[in-house]
Amino acid sequence: MEQSELAVRRLGECRYDSPLEIEKFIDEAEGVMLEVALGPDRKPGPLYFENAGPRRKLYFDPARTRAAIVTCGGLCPGLNNVIQSMVRMLRLQYGLPSVLGIRYGYAGLVPDSKHPPGELTLHDVENIHNQGGTILGSSRGHQDVSIMADTLEKNGINILFTVGGDGTLRGAHLLDEELRRRGSSIAVAAVPKTIDNDIAFVSRTFGFSTAVTLAAQVLGGAHAEAKGAPNGIVVVKVMGRDSGFIASYAAIASTEVNFCLIPEAPFRLHGAGGLLEALEARMQRKGHALVVVAEGAGQEHFSDQGADASGNKRYGDIGKLLCEEIAEHFRSAHVPIALKYIDPSYSIRSMPAGAEDAVYCIMLAQNAVHGAMSGRSGFLAGYWNSYFTYVPLEAIHGQRKRVASDGYLWSIVRESTGQPEMR
């Protein structure tokens, strides 16, 4: 990777003084190193992200700027916190006269949706941080970027803030490219949202901390269920399509999980060294077991499931498959079990953000606003090596953060659960 790939696009010269009454502004020369831990054969490199934060000079004149906010994809704790923080920063601190809310994701930028943008006032966002979900609604699926660009121009929108995951960020990048092709001075800024914590070059996405906390609580109850019946087995499925961070962290936090299954670590079901044999051995030793599985784990055991509206590959229901296989295995062995299945995914993702995520959402949102007001476009506000950063959307294209099956985190999980490799 070259340093040029980490440079965020600028719309032009910043000619307006910032109205912010603060002591610390970020100098344009400041950066955040991409790599801070170096191996024995590596030398320090010059690669760095732009340091996020307020600038003394702005590209947009606050008194004549209109911003809009859109939330896309699945729900996640903290969405309303991000919306609230953006509206307050834009209206109170920068003094923008108009902030619009786009309804139901990118579909709201297509006139046929019949959900026109509406003003977001300070009163509208006053208490929304106490609510789960998003007051703007959300949706999945591709929209024509040319039509979306037309809508931005027709509504006099100067800045679009997108809040969403991998598909949303792809859409934001394509929209920014379309606006650049037109020679437009509309900025596109993103706040990365995915409960799975799988966005590249972002240490932690908002909602993840809340999800792990709630999932660990569920696992505590599931452990009590498993111990409360003879030969009790409980399977808990948590979110994590391609990355098993929630399952891994929740398993470590609970300390009671016996088997953790994630997409990055394929496992065998049958035969010597397989999951079912290991589970049977566990039952013979302890008489109960707790299994946590990420939704994208074990997809090697399914045939092609097609794709969803956003073009994402549909995954087989690993929780259902595990329960069927476990029941059949012990039935064939003539061993009675008390099997229960818990899927808290949708209730977790729709909950309000916990305190840590609430603070994090505010900081991400504010830094996204600072970056856009200074004329940056086609970027996300991230967090890396204990600093908030600006990352070009193009730099994360085609990349996904995953649990390394030979890495430190997974070794901690296996030490905590005591599970064999099962490959």
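1. In strand 10, the residue that bridges to Ile 159 is Ala 187, and, as with everything in this note, that pairing is read from a predicted model.

2. Strand 10 itself (residues 187–192) is mostly covered, six of its six residues being buried. Ala 187, Ala 189 and Val 191 point one way from the strand, while Val 188, Ala 190 and Pro 192 point the other way, and all of these residues are buried.

3. Helix 3 covers residues 166–182, and its 17 residues reach 25 Å from the first C-alpha to the last, which is close to the 24 Å expected at 1.5 Å a residue. The buried residues of helix 3 include Leu 169, Ala 172, Leu 175 and Leu 179, but also His 173, Asp 176 and Glu 178. Just after this helix, Gly 183 adopts a positive phi of about 75°.

4. A further open sheet has four strands in the order 12-13-11-14, with parallel pairing. Its edge strands, each pairing on one side only, are strand 12 (259–261) and strand 14 (338–342), and neighbouring strands of the sheet are turned by 15° against each other on average, direction ignored. Three bridges pair strand 12 with strand 13 (residues 288–294) in the parallel sense, and Leu 261 stands opposite Val 293 in strand 13.

5. Helix 5 (residues 245–254) packs on this four-stranded sheet, where it touches strand 11 (232–238), strand 12 and strand 13, its direction making about 165° with that of strand 12. Helix 6 (residues 275–286) lies across strand 11, strand 12 and strand 13, and runs at about 150° to strand 13.

6. How many aromatic pairs does the structure hold? There are nine aromatic pairs; in one of them, the rings of Tyr 59 and Phe 60 have centres 4.9 Å apart and planes at 90°, so the pair is edge-to-face. Both Tyr 59 and Phe 60 are buried.

7. Phe 379 and Tyr 390 also form an edge-to-face aromatic pair, with 5.0 Å from centre to centre and 70° between the planes. Because Phe 379 lies in strand 16 (residues 379–384) and Tyr 390 in strand 17 (residues 387–392), the pair ties together parts that are eleven residues apart in sequence. Phe 379 is buried, as is Tyr 390.

8. Phe 49, Phe 201 and Trp 384 form one aromatic cluster. Two charged side chains also lie over ring faces: Arg 204 is over Tyr 360, at 4.2 Å from the ring centre, and Lys 401 is over Phe 245, at 5.5 Å from the ring centre.

Conventions. Residues numbered from 1 in each chain as written. Predicted model: local features only at pLDDT ≥ 70, side-chain atom pairs only at ≥ 80, totals over all residues. Heavy atoms only, no water. Helix = DSSP H or I, 4+ residues; strand = E, 2+ residues; numbered from the N terminus. Expected span 1.5 Å × (residues − 1). Buried < 20%, exposed > 50% of the residue type's maximum accessible area, 1.4 Å probe, protein only. Pairing = 2+ DSSP bridges. Axes fitted to C-alpha atoms, helices over the stretch in contact; angles between N-to-C directions. Contact = heavy atoms within 4.5 Å. Phe/Tyr/Trp six-rings, centres within 6.5 Å; stacked < 30°, edge-to-face > 60°. Lys NZ or Arg CZ within 6 Å of the ring centre and 35° of its normal.
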